[in-house]
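Have a look at the fold below before reading on.

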Amino acid sequence: MQDEAQPRRRSVGVRVGNVTVGGGAPIVVQSMTNTDTADVDKTVAQVAALYEAGSEIVRITVDRDEAAAAVPRIHERLMRLGLDVPLVGDFHYIGHKLLADHPACAESLAKYRINPGNVGFKDKKDRQFAQIVETAIRHDKPVRIGVNWGSLDQELLTRLMDDNQEQGSPLTAEQVMREAIVQSAILSAELAEEIGLPRDKIILSAKVSRVQDLIGVYGELARRSDHALHLGLTEAGMGTKGIVASSAAMGIVLQQGIGDTIRISLTPEPGGDRTREVQVAQELLQVMGFRQFLPVVAACPGCGRTTSTVFQELAQKIEGDLRDNMPVWREKYPGVEDLKVAVMGCIVNGPGESKHADVGISLPGTGEMPAAPVFIDGRKAATLRGPKIAEEFQEMVADYIERRFGDGGKAAAE
């Protein structure tokens, strides 16, 4: 699937709950809730929605006692729902205390995320970092050491800036900052190993907000470490800006064979759906050929030949139905994610594109005969006419899925 990409960088595999990150495993999709973790009902509902949308690991904020106390209840509720979701606790400032005071929280989480830039300050830094690592060792949990340029270790940055100045400033301030990010991650990982955390319990991340910084930082981090790497822009932005920035940055890094797990950190629209970030992450990995999550729907972009909106509405309906049904279909129809459907708008490319798909329809363009040929496995199977073309085509897609991926298809293959 990755003929055009560089070979995947070989990293140490890390087990996070029931998911393997790195070690040659498929690139994992992650997301994060934006509920108050102390609100068990809302957090369970959002974790469930993210997981069912395809997030294989979900991170939750653990920022105070009430949140830490809620974690075991959240985990228990999810398990009762049949959702074995690996939960990651996001700790800042007082993670060492919360984990010590709430052992049930420490046990319920599948992984701890700690930020070396704010785990503690001055003489407390190494001591509090060690406390979290020791808790992870005691509960046999992995740790993500997540450096973030918005909360970078200022002592390390200042020292590197001073060293650079003494050498006549051969590096720019931006280059020094990138080096500080990389060093913070690597030095923290080395310290964790010295304390006793095994190498296969450590994941690194180095979050920045600018595309070129992410490319540069992860390229250097991959060159100097074999730890599993989590990719993501820390504040990608809202809407199309966030999608484009994340895709541009991570697309390049992934193409270089770097990255074991990703998160698309989209700022949601007011009242927007949090699962959008999961969908974008899946689509990024799918269009690049690293994973296959959903059937592909090829749709005509439209032009002066397609003044009707019928093909747009049908493509939207088909894609929506496929996505909505996938949680069930993935179990009922193994391999259905490889399905290719085409919904085309006129005679120019419609028949050809439809023949390349497993199931395709070429709708009539402006001025064309009101007939829509349907192609199945490259051959014309039917011509649809009348007001119920969309419904009839949907039925044909459903029948094809049952025939090819259902029990009948399996029996025929055997």
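## Around Phe-393

Leaving aside residues up to four places away in sequence, Phe-393 touches Leu-314, Ile-318, Val-341, Ala-342, Val-343, Val-359, Gly-360, Ile-361, Val-374 and Leu-384 (contact means heavy atoms within 4.5 Å). This is a predicted model, where local features need pLDDT of at least 70, side-chain atom pairs count only at pLDDT 80 or more, and totals for chains, interfaces and linings use all residues. Numbering runs from 1 along each chain as its sequence is written, and side-chain values use heavy atoms, with hydrogens and water left out.

## The cores

Phe-393, Val-343 and Ile-361 have the most contacts inside the largest nonpolar core, which has 110 residues. Such a core is a set of buried Ala, Val, Leu, Ile, Met, Phe, Trp, Tyr and Cys residues joined through side-chain atoms within 4.5 Å, with buried meaning under 20% relative accessible area (1.4 Å probe, protein chains only). Its largest share, nine residues, comes from helix α7 (residues 173-195); helices here are DSSP runs of H or I, at least four residues, and strands are runs of E, at least two, numbered from the N terminus.

A second, separate core has ten residues, including Val-14 and Val-88.

## The sheet

Five strands form an open sheet in the order β13-β14-β15-β16-β17, with mixed pairing (two strands pair if DSSP finds at least two bridges between them). At the edges sit β13 (296-299) and β17 (379-384), each pairing on one side only. Strands β14 (residues 340-344) and β15 (residues 359-362) run parallel over four bridges, and Met-344 has Ser-362 in β15 as its bridge partner.

Definitions and conventions
Buried < 20%, exposed > 50% of the residue type's maximum accessible area, 1.4 Å probe, protein only.
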